[in-house]
Each structure stands twice: as structure tokens, then as C-alpha cells.
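Hi,

Here is the structure I promised to pass on. Have a look at it first, and my notes follow below.

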Amino acid sequence: MAPLRLCITLHSQARLPLAYREGLQAAIYCLLPQDLSQWLHDKGLPVEGKPMKLFVFSRLQGLSYLAQEKAFAARGEVSLLFATALEGVAQALVNALWAKGGLELYGHPFRLVGLESLLLPPERETLTVSAQAPITAYRTVGGRTVYLNPLNREFGEVLAENLNRKARALGLEEGRLEVQPLGFRPEHKKLERYKGTWVEGWMGLYRLRGAPHLLRLALLTGLGAKNSQGFGFVKEVS
């Protein structure tokens, strides 16, 4: 897998709603060519009848929180991390960002300032990562969504199952994955709205142990569910 991670630096003066991630997801789709965007949105790479989008993005980094307005503000430069296991998607996004000079979010222009490719670390069986967007893991029990926290044994199991489905979509071997939260704190819990639904996720540091190609896949496609909605972006730390 090629290094398909990007750090996108943008400049804007804008007010954004708290649930801006759905608008950011739409902005990413709008940047891609229509046929690619529609395929990725509707189909992706199907596994067991479920489409795998195989891309993930972070929160916008550098925003200011406006408590009284219950909104975020961009006051100059902000950055966005994007990663994908699909080389064509990454290249199309890069081409569009250069061609359009940035993106539009809730009617506000975000001008492109810089675009950097982030190399992947050497393959290894242990990797410590930091969540750059909440990691969400859940089970469906009796038609009800039950979210799991990092201290729950099933949390790591669900992340491993999800990552192995992504591996199958790409024709890669399945493998083991162990997830250990480091310095767990209750305040790492985040409740965020996506299209009117509350989603529970967790920030923080995690030590991953497992097959090297799966750890690399976690960096390219995210950990847990709802990656294409802006959940589960992780980045390696020293």
C-alpha cells in the first residue's frame, strides 16, 4: 500500500456549526469527479453486502470553540488530515484541491495553503497511535445500537473485526489485532451529532499489536466504524 495520507492546510475566516463533519464529508465528495464520488458514496468495495469506503478524515485542527454561540470559528489557518487505501481517490482529491484552490464548507471558502503527503512508518507489530477523531465501536443488540468504551473487552474485538473486513475488501490476509488504551480518561468520551444522530466515540492514545499490514491499514482507513463520516482517524506517535 502506497503512502496515501495527506495533511491539507487551509485558510479561512468562518463560523461553522458544531456538527460540521457532515458538511466536511460532503465537501470531500464534491471535490472528487462525479463518477468516482458516486461510486464511492453508493458502492465502495462491498464485503458481506456492506460497502467499504476505505477513507477517513480528521477533525479540522486549529478551530476555536465559541461557547456562547455553540459553534466553531476558523480564524486563519486550519488543517485537515485525510487518508485512504484507494490510490485513485487520493490522487483525484489532490488534483481537485490544486485545481479549485481549496474547498467550500457551509458557503465559506477555505483557501488551500499547503498540501503535504505523510509517509507511513516502517511496518512493525506494535504501534502507538493518537486519535485525531473519535473512535467509535458498537454492537447492534435487538435492533438497538450499544456503544462500547475502550475498557470493554469487546471494544478491541469490534475494531479487529472491522479492520479485517477492510482487509478482505482489498484482498489482503486477515490477522490479529489487540488494542490497549493508554492513560484512559472519561473525558476522552465524545458525543457528536451526524445527520441528527448522536454518535459516541473516544479520543486518546492506544497501543496496537498485530499483523503489520493491519496496523498500516488502520493508519490508511481509520479504526472502528463510520470512518468516511469523519470518525476513527489515528496517527502514529513516538
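How many of the 10 residues of helix α5 (residues 212-221) are buried? The answer is 8, so α5 is largely enclosed by the rest of the structure. Here "buried" means under 20% relative accessible area with a 1.4 Å probe, protein chains only, and helices (H or I, at least four residues) and strands (E, at least two) are DSSP runs numbered from the N terminus. Among the buried ones are Leu214, Leu215, Arg216 and Thr221. Just after α5, Gly222 has a positive phi of about 90 degrees.

Before you go further: this is a predicted model, where local features need pLDDT of at least 70, side-chain atom pairs count only at pLDDT 80 or more, and totals for chains, interfaces and linings use all residues. Residues are numbered from 1 along each chain as its sequence is written, and side-chain values use heavy atoms, with hydrogens and water left out.

α3 covers residues 87-100, and its buried residues are Val89, Ala90, Ala92, Leu93, Val94, Ala96 and Leu97. They pack (contact: heavy atoms within 4.5 Å) against β1 (5-17), α1 (21-31), α2 (34-42), β6 (71-84), β7 (102-105) and β8 (108-117). Ile8 touches Leu93 and Leu97, among others. After α3 comes Gly101, with a positive phi near 75 degrees.

**Pockets**

For pockets, the search runs on a 1 Å grid over the protein atoms alone: a pocket is an open set of points where a 1.4 Å probe fits, with protein on both sides within 12 Å along at least five of seven lines, and lining residues have an atom within 4 Å of a point. Volumes are the space filled by probe spheres set on the points.

- The largest pocket is about 400 Å³. Of its 23 lining residues, Lys53, Lys226, Asn227, Ser228 and Gln229 are the closest to its centre. α1 supplies the largest share of the lining, 4 residues.

Cheers

Notes. Buried means under 20% relative accessible area, exposed over 50%, partly exposed in between (1.4 Å probe, protein chains only). Lists of a residue's contacts leave out its neighbours within four places in sequence.
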